[in-house]
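Subject: Structure handover

Hello,

Here is the structure I said I would pass on. Please open it first, then read the notes below it.

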Amino acid sequence: MIKPFTPQLVYIEPGALEYDLGRELKEKFTKMGLEIKETTSHNQIRNLPGKNDFQKYRIAKSTLVVGVRKTLTFDSSKPSAEYAIPLATGCMGHCHYCYLQTTMGSKPYIRTYVNVNEILAQADKYTNARAPEITRFEASCTSDIVGIDHLTHTLKRSIEHIGKTKYGRLRFVTKFHHVDHLLDAEHNNHTRFRFSVNADYIIKQFEPGTSPLDQRLEAAAKVAEAGYPLGFIVAPIYLYSGWEDGYKVLFEKLHQKLPQTGRSGLTFEFIQHRFTKPAKKVIAKNYPMTKLELNEEKRKYKWGRYGIGKYVYQTDEQEIMKNTLRSYMDKYFPNAELEYFT
Ligand code: SF4
C-alpha cells in the first residue's frame with residue numbers, strides 16, 4: 001500500500017509567504033512536525049543531506065519546495081493539449097524511465113507553486129485568445145500533480161476554476177490512487193482525469209514508489225462514478241517476453257473494474273517506450289540495477305526537438321504493438337476513442 005506523500009524536508013521561499021496558500025502550507029507542515037527551512041530561491045538549495053549522489057537523489061525526491069511560479073509563459077503540450085499549465089514540478093515516484101530525470105537534471109526536488117490565482121488568470125488569457133476554439137491545458141507535463149495534491153489542493157482549485165470557464169479544458173494523468181479529495185470537485189465535465197496504466201509486470205519492475213495497478217483501477221472507478229470524463233494512457237508500451245498476455249490482462253482488468261458510467265466518452269492514448277542518449281546515462285546513474293533494456297542498436301532513431309533524437313521501436317514492432325493493443329481496446333471498449341499512438 002502506497003501512503004499519500006509526506007515530504008521529509010520542506011523549503012519555503014519567503015515570497016511564498018505573501019500568498020494565503022504559502023502561509024497555510026507553512027502552518028500545516030509545522031503542525032505535522034516536518035523539518036522546515038527557508039530559502040531565498042529554490043536555486044539556493046544546495047547541500048541536501050545524503051552521503052553520495054545516489055542518496056542525495058532519493059532525499060531530493062522527498063523534498064518539497066513551496067515557491068512562487070515566476071515564468072507565466074506556458075509551454076505547448078502536443079499532442080495531448082494546447083498548453084502545459086505549471087502547477088508543480090517534480091515527483092516523488094521512482095519510475096526508471098521517467099522523463100523528469102533528464103528534464104530536471106540536478107534539481108529533482110518537488111516544487112509546488114502558491115500563486116495559483118496568477119497561474120489560472122494566465123490560463124484564462126490563453127483561453128480567451130483562442131475562443132471560441134476550445135483550449136486544453138495539460139497539468140502533468142512536469143509532475144504527477146495528483147501525487148501531491150492532497151497536501152496543496154492546487155489541482156482541485158484548478159479543476160473548479162476551469163469548470164467555470166466556457167472554452168477551457170483541463171487534463172492530467174496520474175500513477176497514484178489518492179484521489180478522494182478530488183471526487184467532489186465541481187468539474188462541470190471540463191476535466192479529463194486520466195490514469196497511466198501498464199502491464200502488471202512493468203509496473204512492478206519499473207515503477208517503484210507509485211500505486212499498484214489494482215489501486216489505480218479502483219481510483220479510476222471512483223473517478224468515473226464522480227462523473228469525470230475518464231481516460232487511460234497506456235505508457236510506456238514496452239516489449240518483453242510475454243507482453244501480449246500482460247497487456248491483455250491489463251485490458252481485462254480495466255473491463256472488470258470500470259463501472260458503466262466510465263465507458264461513455266472513454267479515451268485511450270498509447271505511447272511506446274522511447275529513450276534518449278542523455279536519459280540512458282541518467283537512468284544508469286540513478287537506477288543502476290534496472291532491467292530496463294536501453295540498447296540503441298535494437299531501436300529506430302527518430303529525430304527530435306532541440307537536436308536530441310530518441311530511440312523508439314522498429315517500424316514493424318510499432319505496428320504490432322499498436323494493432324495488438326488496439327484489438328484489446330476494441331474488444332473490451334468498443335465505444336472508446338484512441339486519441340493517438342506515438
Ligand atoms: Fe515520473 Fe510519473 Fe513516475 Fe512520477 S509517477 S516518477 S512523474 S513517471
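Lys37 counts as partly exposed, because its relative accessibility is 33%, between the cut-offs of 20% and 50%. Its side chain meets that of Glu35 in a salt bridge, at 3.7 Å from N to O. Glu35 is also partly exposed, at 43%. Please keep in mind that this is a predicted model.

A search of the whole structure gives 22 salt bridges. Another of them joins Arg326 and Asp330, at 3.5 Å from N to O. Both residues lie in helix α11 (residues 315–332), four residues apart, which is about one turn of the helix. Arg326 is partly exposed at 32%, and so is Asp330 at 37%.

Glu269 and Arg194 form a salt bridge with their closest N and O atoms 2.9 Å apart. Glu269 is in strand β12 and Arg194 in strand β10, so the pair ties together parts that are 75 residues apart in sequence. Are these two residues buried or exposed? Glu269 is buried, with a relative accessible area of 0%, and Arg194 is buried at 1%.

Next, the sheet. Five strands form an open sheet with mixed pairing, in the order β2-β1-β3-β7-β6. Its edge strands are β2 (35–38) and β6 (88–89), each pairing on one side only. β6 pairs with β7 in the antiparallel sense over two bridges.

Last, the ligand. The residues around it include Cys91, Cys95, Asp144 and Lys175. Cys91 is buried at 11%, and Cys95 at 9%. The search for disulfides in the whole structure finds zero.

Regards

Conventions
Residues are numbered from 1 along each chain as its sequence is written. This is a predicted model: local features need pLDDT of at least 70, side-chain atom pairs count only at pLDDT 80 or more; totals for chains, interfaces and linings use all residues. Side-chain values use heavy atoms; hydrogens and water are left out. A residue is near a molecule or strand if one of its heavy atoms lies within 4 Å of it. A disulfide is a pair of cysteine sulfur atoms within 2.5 Å. Buried means under 20% relative accessible area, exposed over 50%, partly exposed in between (1.4 Å probe, protein chains only). Two strands pair if DSSP finds at least two bridges between them. A salt bridge is a side-chain nitrogen of Lys or Arg within 4 Å of a carboxyl oxygen of Asp or Glu.
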